[in-house]
Amino acid sequence: MKKYIIAAALLIGTGFVINTTVQSCTTLATSDLGLSIIKRLLLNGIEKGMGIYSSKEAFLQNNMVDKALPRQLRDINSLLENIAPSLVAKEREYIAEAAAFTVNTSRPILVNAVNSLTAQDVSRIIQGEKGTATLILKEKTQQQLVAAITPKVNEQLNRYGIVKSINTALSGSNLIGSLLGGSKTQVNAGSLGQLASEQLVNGIFNIVEDYEIQNSTSLLGPLGK
């Protein structure tokens with residue numbers, strides 16, 4: 001295996017110093033030190049996401065969250081833009097406010113998944129493309145996160161009455177069935193809450209992945225990444 005000379009360096013955000021040594025990148029990557037560096041990379045990304053979700057203004061301005069909008073919710077909003085554009089703005093604000101209520105639920109699930117990473121996971125991260133660490137985190141937690149936060153999102157959206165407002169605005173439209181499937185004539189609280197929850201969860205992964213990609217070279221370079 002190809003050898004790498006690792007010069008002494010302080011890795012930003014990790015709190016670890018690597019002493020000058022010669023060892024294979026795989027050995028270093030799967031060591032306790034390598035595992036700690038990768039965990040810190042993900043934890044920093046998670047905290048960045050939690051910070052954005054805790055701030056309504058930051059949430060609304062973040063394009064990583066917008067990219068996570070599910071197709072069905074995007075289609076509903078496109079329809080609403082032609083009927084009641086102010087309602088789309090209100091919906092986005094209510095989802096942003098609901099996001100803050102999911103932070104304390106999402107954070108421990110994500111942190112526990114990071115802390116349970118194995119040497120096999122780390123090898124896959126080192127051998128994979130940038131973003132692989134986030135992909136593994138997503139595989140481990142996506143379904144659990146959606147299930148965990150959906151009740152909280154439903155509670156907040158019901159509190160604001162947004163579902164009733166959307167259905168009132170769309171009452172004369174024949175397109176809801178094609179957007180949501182089947183012969184549905186209304187958006188129900190459960191489906192809107194589910195879609196909003198999917199957006200919140202995938203938005204977090206988008207933020208973590210962006211952080212991973214932006215910092216992979218500086219933090220994972222010494223591991224042969």
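These exercises walk through a predicted model of one protein.

**Exercise 1. Get an overview of the protein: which elements does it have, and how many of its residues count as buried?**

Start with the elements. The protein has twelve helices and four strands. Next, turn to burial. The protein has 225 residues, and 47% of them count as buried. Last, look at the contacts with a separation of 6 or more. Residues 24 or more positions apart account for 76% of these.

**Exercise 2. Find where confidence is lowest and where it is highest.**

Begin with the whole protein. Its mean pLDDT is 80. Of its residues, 74% reach 70 or more. Now go element by element. Strand β1, residues 3-6, has the lowest confidence, with a mean of 29. Helix α7 has the highest, at 97. Then check the start of the chain. Over residues 1-25, pLDDT stays under 50. The model still has 48 contacts for this stretch beyond four places in sequence. How should such a stretch be read? Where pLDDT is low, the predicted coordinates should not be read in detail.

**Exercise 3. Describe the largest cavity: its space, its lining and the elements that supply the lining.**

First, the search. Over the whole structure, one cavity of 30 Å³ or more is found. The largest cavity holds about 50 Å³ of space. Second, the lining. Its residues are M50, Y53, T102, V103, S106, L110, L145, I149, L200, V201 and I204. Third, the elements. Two or more lining residues come from each of α2 (32-53), α7 (103-115), α9 (132-160) and α12 (189-220). Nine lining residues are nonpolar, two are polar and none is charged.

**Exercise 4. Classify the aromatic pairs, and say whether their rings are buried or exposed.**

A pair of aromatic rings is described by the distance of the centres and the angle of the planes. The count here is two aromatic pairs.

Take Y53 and F59. Their centres are 5.1 Å apart, with 80° between the planes. Planes over 60 degrees apart count as edge-to-face, so this pair is edge-to-face. Y53 has 2% relative accessibility and counts as buried. F59 is buried too, at 4%.

Now take Y94 and Y160. Their centres are 4.4 Å apart, with 15° between the planes. That angle is under 30 degrees, so the pair is stacked. Y94 lies in helix α6 (residues 85-100) and Y160 in helix α9, so the pair ties together parts 66 residues apart in sequence. Y94 has 18% relative accessibility; this is under 20%, so Y94 counts as buried. Y160, at 23%, counts as partly exposed.

Conventions: Residues numbered from 1 in each chain as written. Predicted model: local features only at pLDDT ≥ 70, side-chain atom pairs only at ≥ 80, totals over all residues. Heavy atoms only, no water. 1 Å grid on protein atoms, 1.4 Å probe; cavity = no way out; pocket = protein on both sides within 12 Å on 5 of 7 lines; lining within 4 Å. Points joined across faces, edges and corners; volume = space filled by probe spheres on them. Nonpolar A, V, L, I, M, F, W, Y, C, P; charged D, E, K, R; others polar. pLDDT = per-residue confidence, 0-100. Contact = heavy atoms within 4.5 Å. Phe/Tyr/Trp six-rings, centres within 6.5 Å; stacked < 30°, edge-to-face > 60°. Buried < 20%, exposed > 50% of the residue type's maximum accessible area, 1.4 Å probe, protein only.
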